[in-house]
Amino acid sequence: MIKSHYFPDKEYTSKEELFKDLKENLEFIIDAKKSQIQKSCEKGLSVTCKSLDLLKFQDQNKAIKIDDNYYYIAVNSTKILDSHDDLHLDNIWNKSIAEQQGKNYLVIDHELEVDKVIVRKEHIEMFVAKVPFSVLGKPYDGDTQALIYKMPKSQVKHQLVKEWLDSGDDIEASVRMQYVTFYLCMDSNDPDDATAKANYDKYYPLIANKNEFEYIHYFFAVKEAKNIRESSLVVFGSNSATGQVINNKQAEKSLELEEAEKSLQAEQEAQKEMLKQLLKKLN
């Protein structure tokens, strides 16, 4: 049986039956997708903020100068098919970056409230960067294009968030978005579906996580989207292919600090045991 996100109460015995419903409802689906303001964490497209290999990042983007005084948060990545059957294509954010530069906040849990703001919009620079999936800790071949928020460390308003980012512990990022241009892609043998089939053949090879599906009957290839008003740090999401970009030296310092803390703790435990044995002798 075949199921679709767009017809949750239906089951299909063939892909042709599903394609028939998709085509009959395509105008409504397009209107709905364009009108919705979506959060990527709700459709399996958030990403894990963790330490990334900065040197590899720079190798892929030699024109980008990385400054240790800034955080670099990847809030979205391309080429991953999400739970709503959408595939973000490279360059999806180019127009939005030009239009929204200096207008988007970084907030907590997509809450546009004063006390939820992590970094104010005037301190955030948005850009896209090409990075290997391996740099993002994902077992996919090839590269992805990440939407990056660059912000001064000194402008993070929440101390807890700053401590979390500095620790390297996992936390996920999610983008608030609205789709502008996308194409229906169907693996159809019907001559009337020639355009959808051509789209499928063109964009299917780009899907990095295709091995996670038994068979992909159809999907929507998203060429352009808007990043609306904010992106967020969230505790949970479904796509771990984004993250915080930090310097390797920072990672080494964190590891040294962790080892020092373990050593200090072991020394304290040894001193406690020595004191315990000394008290026994005195008694």
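Me: Which residues of helix α1 (residues 15-24) are buried, and how should I read their placing around the axis?

Reply: An α-helix has 3.6 residues a turn, so residues three or four places apart point the same way. In this predicted model, the buried residues of helix α1 are Lys15, Leu18, Phe19, Asp21 and Leu22. They cover an arc of only 160 degrees around the axis, and therefore they lie on the same side of α1.

Me: What covers the buried residues of α1?

Reply: The cover includes the strands β1 (2-4), β2 (7-12), β12 and β13 (218-234), together with helix α2 (26-35).

Me: Which residues have the most contacts inside the largest nonpolar core?

Reply: In soluble globular proteins, nonpolar side chains tend to be buried together. Here the largest nonpolar core has 41 residues, and those with the most contacts inside it are Leu22, Tyr218 and Leu233. Strand β12 (residues 171-186) gives the most to this core, contributing 8 residues. Apart from this core lies another, of 10 residues, including Leu81, Leu87, Cys185 and Ile207. If neighbours within four places in sequence are left aside, the contacts of Tyr218 include Leu18, Phe19 and Leu22, as well as Leu184, Cys185 and Met186.

Me: Is Leu147 buried or exposed, and which residues does Leu147 touch?

Reply: Leu147, which is found in strand β11 (residues 143-152), has a relative accessible area of 1% and is therefore buried, the cut-off being under 20%. Not counting residues up to four places away in sequence, Leu147 touches Ile73, Ala74, Val75, Asn76, Trp93, Ile97, Phe127, Val128, Val175 and Asn227. For the protein as a whole, residues 24 or more positions apart account for 77% of the contacts with a separation of 6 or more.

Me: Where is confidence lowest and where is it highest?

Reply: Where pLDDT is low, the predicted coordinates should not be read in detail. The mean pLDDT of the protein is 84, and 76% of its residues reach 70 or more. Confidence is lowest in strand β5 (residues 52-53), at a mean of 50, and highest in helix α6 (residues 194-203), at 98. Over residues 237-241 the pLDDT stays under 50, although the model has 26 contacts beyond four places in sequence for them. Residues 245-257 are also below 50, and this stretch has 17 contacts beyond near neighbours in sequence.

Methods:
Residues numbered from 1 in each chain as written. Predicted model: local features only at pLDDT ≥ 70, side-chain atom pairs only at ≥ 80, totals over all residues. Heavy atoms only, no water. pLDDT = per-residue confidence, 0-100. Helix = DSSP H or I, 4+ residues; strand = E, 2+ residues; numbered from the N terminus. Contact = heavy atoms within 4.5 Å. Core = buried A, V, L, I, M, F, W, Y, C linked by side-chain atoms within 4.5 Å. Buried < 20%, exposed > 50% of the residue type's maximum accessible area, 1.4 Å probe, protein only. Arc of directions from axis to C-beta.
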